[in-house]
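This briefing covers the interface between two protein chains and several local features. The model comes first, then the notes.

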Amino acid sequence: MRILVVEDDKDVAGFVVKGLREAGHTVEHADNGRDGLFMAASENFDAIILDRMLPGGIDGLRLLETLRAQDNATPVMFLSALGQVDDRVKGLKAGGDDYLTKPFAFAELLARVEAMSRRGEGEGPTTRLGVGDLEMDLLSRGVKRAGQKIDLQPREFRLLEYLMRHAGQVVTRTMLLEGVWDYHFDPQTNVIDVHISRLRQKIDKPFEAPLLHTVRNAGYMLRVEEP
Amino acid sequence: MSSSAPDQPETTTSAIRPVRWRRLLRSAGVRFAVLYALVFGVSTILLAASLRYSTIGLLDRQTHEAIRTDARGLAAHFKTGGLSALVLTLDGRINEDINENAIYLLVDPLGNRIAGNLSRWPQGIDTPQVWYQVPVERSGKRSHALMRFYDLPGGFQLLVGRDVSARTQLRRLLRDGLIWALAAMVLLGALGALIIRGLFKRALADISATTRAIARGDLTQRVRRSGHGDEFDELAETINDMLDRITKLMNGVREVSNAIAHDLRTPITRARARLEDAASHARTEEELRGAVDRATGELDGVVKVFQALLRIAEIEAGARRSAFANIDLTLVLEDLAEFFEAVAEERHIAIDTRWPPDLPMVGDRDMLQQAVANLLENAIKFSPPDHRVAISARMDAADIEIEIADEGPGIPEADRPRATERFYRGELARSTPGTGLGLALVAAIAQLHGGVLRLEDNAPGLRAVLVLPRRALNPEATLRIKLWAQTVRKAETQSGADAQRGA
């Protein structure tokens with residue numbers, strides 16, 4: 001993916017750019033709002049990571065609003081120290097697709113950027129999802145693996161659906177909390193892990209090759225293990 | 001002696017005098033007294049004016065009427081009986097006049113006196129049918145008279161008047177009285193001003209002394225009450241209430257900063273120690289990586305505490321009132337019970353649920369979710385295995401009560417009031433992971449909704465009862481939230497400025 005990082009703090013920008021390059025993406029960097037807007041408007045990016053407070057007379061919100069006014073629909077993720085609910089709402093209302101608060105874990109940032117930029121593709125009326133021999137029919141709400149029917153509770157179904165929609169990507173615990181349960185708080189206990197392990201019992205345990213993988217220090221990923 | 005020295009005393013005295021006057025006028029007591037004297041004076045003047053109008057004015061009008069009637073009668077006599085009849089009538093009238101205040105003078109066309117009790121034509125009277133008030137001399141006596149003259153056929157002129165010296169005297173008396181009254185009023189007003197000022201000063205002295213002491217930092221002072229139960233007592237009470245609240249807030253801020261210093265410094269110190277130790281002692285990359293990972297974990301904990309603190313501050317500031325909407329708490333409870341059931345089951349804890357089919361209320365769904373989640377998480381965390389956690393809810397016309405009860409160690413009665421303070425952790429909780437902010441957050445959320453968090457004994461265990469009004473917010477809560485928000489904001493700008501200075 002081609003990603004634009006608009007961030008004025010040298011250390012944070014360096015960390016993000018380096019990490020994204022290591023993850024195999026092409027990254028451009030702007031350290032002020034004006035350059036950022038110029039690059040975002042004149043070139044094609046698959047995703048933009050945008051700081052809210054920027055030097056150069058144009059802050060993140062203005063930049064995004066200007067971009068959206070030009071019918072530019074590039075997915076944008078805010079990366080900001082302004083973490084209050086009102087700030088997040090403002091950012092999303094201005095046309096942001098996701099909002100990550102500093103300080104952040106790089107794994108979270110990477111997972112969110114990848115999920116966000118993938119969201120646009122094939123968001124059409126999908127009725128079937130499939131990963132390897134695991135199949136999900138969204139209409140009849142049935143799940144099968146290797147032709148064998150698997151019974152899931154409604155919430156387990158939604159959890160699996162979310163994982164399948166983001167198959168091949170890292171999905172963090174926070175993303176699951178927000179995406180599956182619509183919870184915006186941070187549970188102290190390992191609730192998500194417990195739910196995942198229950199799901200794993202049902203979809204992986206009876207079968208030979210596991211599909212649901214734990215990614216250390218980051219989250220989970222649903223994918224077919226390469227031989 | 002320097003050249004400027006002789007000027008000095010003069011300039012100071014001349015500078016002080018107007019300042020002193022201005023200060024006197026700035027006194028509310030003096031202002032009230034002056035206002036009082038002004039109102040009093042205006043009403044006195046109005047009263048005097050009306051008195052004057054109704055006495056002297058009436059007398060004047062009566063005199064005018066008498067003179068006019070008199071003149072009409074005399075003119076009629078002249079018309080019917082000629083000059084001789086008029087002279088006769090005049091003499092008769094003069095003789096009949098008991099009070100001796102009627103004045104007549106009839107002159108021929110050459111100005112010679114024909115009849116009347118005035119020796120000569122008074123000076124300055126030259127226009128007929130006009131009222132004149134002039135000094136006259138009558139039989140050696142000087143007095144004032146009101147008069148007018150009429151032209152009679154044949155060039156004769158008749159002057160008719162009345163002696164008004166008595167009235168002039170009355171007028172002078174009234175004027176003098178008024179001046180005296182005014183003088184007395186000014187004096188009384190000034191005296192009143194001083195007395196009122198003294199009263200004000202005495203009543204307010206304690207308040208200003210107390211507030212000044214508070215401003216200097218002595219928060220133990222309180223305004224004394226006089227015990228009259230008057231407005232000043234009311235003011236004193238309000239101020240004392242405010243001071244109590246400020247003291248409580250100040251203590252809260254102090255405790256929180258102490259707790260922050262402790263709870264944040266510890267993990268930061270640990271992280272720092274780990275990194276430093278790893279930098280100088282790690283022999284393999286594996287060891288180094290492990291140390292860095294653990295340090296990152298510690299820092300994540302610090303971030304968590306920060307976020308919880310900010311969230312409490314945000315909630316207490318009432319910033320999220322805008323997100324209030326109609327919600328059904330049943331759905332919130334159902335979701336959360338299901339969400340945590342997996343964890344509970346893993347620890348062999350059963351969750352009992354009992355609530356009515358719907359619990360409609362006005363509130364912020366996200367925050368109520370978090371509040372219930374915190375209580376539920378606590379209950380599960382402190383429950384021993386093979387015990388149960390009970391979630392139940394009740395509703396009446398005004399409130400919804402959510403009760404979460406566990407069978408764990410509970411909180412000793414003495415500690416319960418402090419349990420909702422930031423960073424407070426019971427003896428038993430110290431060894432379990434957590435920030436000590438969970439219950440504080442729940443209490444803040446309850447307060448924002450105008451409700452309250454009650455902690456009770458479940459014998460054994462803890463029963464947390466979240467009482468939420470279904471509708472309108474408690475105005476007192478809003479005020480308290482506002483006060484608290486101001487404190488937090490001030491503390492934030494302060495720490496922000498400190499941080500900038502530090503950088």
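Predicted model: local features only at pLDDT ≥ 70, side-chain atom pairs only at ≥ 80, totals over all residues.

Residues are numbered from 1 along each chain as its sequence is written, chains are lettered from A and ligands numbered from 1 in the order in which they are written, and side-chain values use heavy atoms, with hydrogens and water left out.

**Interface of chain B and chain A**

- Chain B contributes 24 residues to the contact and chain A contributes 23 residues, where contact means heavy atoms within 4.5 Å.
- The size of an interface is often given as the accessible area lost when the parts come together.
- About 2300 Å² is buried between chain B and chain A, with carbon and sulfur atoms giving 51% of that area; buried area is the accessible area (1.4 Å probe) that two parts lose on being put together, summed over both.
- Six salt bridges are found across the interface, a salt bridge being a side-chain nitrogen of Lys or Arg within 4 Å of a carboxyl oxygen of Asp or Glu.
- Arg155(A) and Glu338(B) form a salt bridge, with their closest N and O atoms 3.9 Å apart.
- On the side of chain B that touches chain A, α5 (285-316), α6 (329-346) and α7 (365-382) of chain B each supply at least two residues; helices (H or I, at least four residues) and strands (E, at least two) are DSSP runs, numbered from the N terminus.
- With nine residues, α6(B) gives the most to that side of chain B.
- The residues on that side of chain B divide into nine nonpolar, three polar and twelve charged; Ala, Val, Leu, Ile, Met, Phe, Trp, Tyr, Cys and Pro count as nonpolar, Asp, Glu, Lys and Arg as charged, and the others, Gly among them, as polar.

**Gln369(B) in α7(B)**

- Gln369(B) is part of helix α7 of chain B and counts as buried at 2% relative accessibility; buried means under 20% relative accessible area, exposed over 50%, and partly exposed in between (1.4 Å probe, protein chains only).
- Leaving out residues up to four places away in sequence, Gln369(B) touches Asp182(A), Tyr183(A), Phe185(A), Val332(B) and Leu336(B).

**Helix α2(A)**

- Helix α2 of chain A (residues 33-42) has the buried residues Gly33(A), Gly36(A), Leu37(A), Met39(A) and Ala40(A).
- These residues cover an arc of only 170° around the axis, which puts them on the same side of α2(A); the arc is that of the directions from the helix axis to the C-beta atoms.
- Arg34(A) and Phe38(A) are exposed on the face of α2(A) turned away from its buried side.
- The cover over the buried residues of α2(A) includes β1 (2-6), β2 (26-30), β3 (47-50) and α3 (60-69) of chain A.

**Chain B overall**

- Chain B has nine helices and twelve strands, and 36% of its 503 residues count as buried.
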